[in-house]
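Trainee: I would like to go through this model one part at a time. Please show it first.

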Amino acid sequence: MDLEQFREYCLSKVAATENMPFGEGVLVFKVAGKIFALEHWNTVELDSGIPETELRKMIDHSYELVVQKLPRKVRRQSL
């Protein structure tokens, strides 16, 4: 998976947005204003040989963790 594929997959999630709040070149993906993907806490190098299916699972897991923590009202309005 290259950066563009990573970006497209993150943005394919319901209500996902991207921005660069930490400066040029630091992509951040959010759902309802909450970060679900950023190479910061746990760095994953996209060109490290990790299978694309595993990367997608990581993104899915992170996204779902964030969505589960959102208040019901926000989930209903945003998703």
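Predicted model: local features only at pLDDT ≥ 70, side-chain atom pairs only at ≥ 80, totals over all residues.

Mentor: Residues are numbered from 1 along each chain as its sequence is written, and side-chain values use heavy atoms, with hydrogens and water left out.

Trainee: Which strands stand at the edges of the sheet?

Mentor: The open sheet has 3 strands in the order β1-β2-β3, with antiparallel pairing (two strands pair if DSSP finds at least two bridges between them; strands are DSSP runs of E with at least two residues, helices runs of H or I with at least four, numbered from the N terminus). Each edge strand has a single partner, so one side of it is left without a neighbour in the sheet. The edge strands are β1 (16–19) and β3 (34–37).

Trainee: Which residue in β2 stands opposite N19?

Mentor: β1 pairs with β2 (residues 28–31) in the antiparallel sense over 4 bridges. Opposite N19 stands V28.

Trainee: How wide an arc do the buried residues of α2 cover?

Mentor: In α2, the buried residues are L55, I59, Y63, V66 and V67 (buried means under 20% relative accessible area, exposed over 50%, partly exposed in between, with a 1.4 Å probe and protein chains only). An α-helix has 3.6 residues a turn, so residues three or four places apart point the same way. The arc, taken from the directions from the helix axis to the C-beta atoms, puts these residues on the same side of α2, and it is only 100°.

Trainee: Which exposed residues does the opposite face of α2 carry?

Mentor: This face is turned away from the buried side of α2. Its exposed residues are T53, K57, H61, Q68 and K69.
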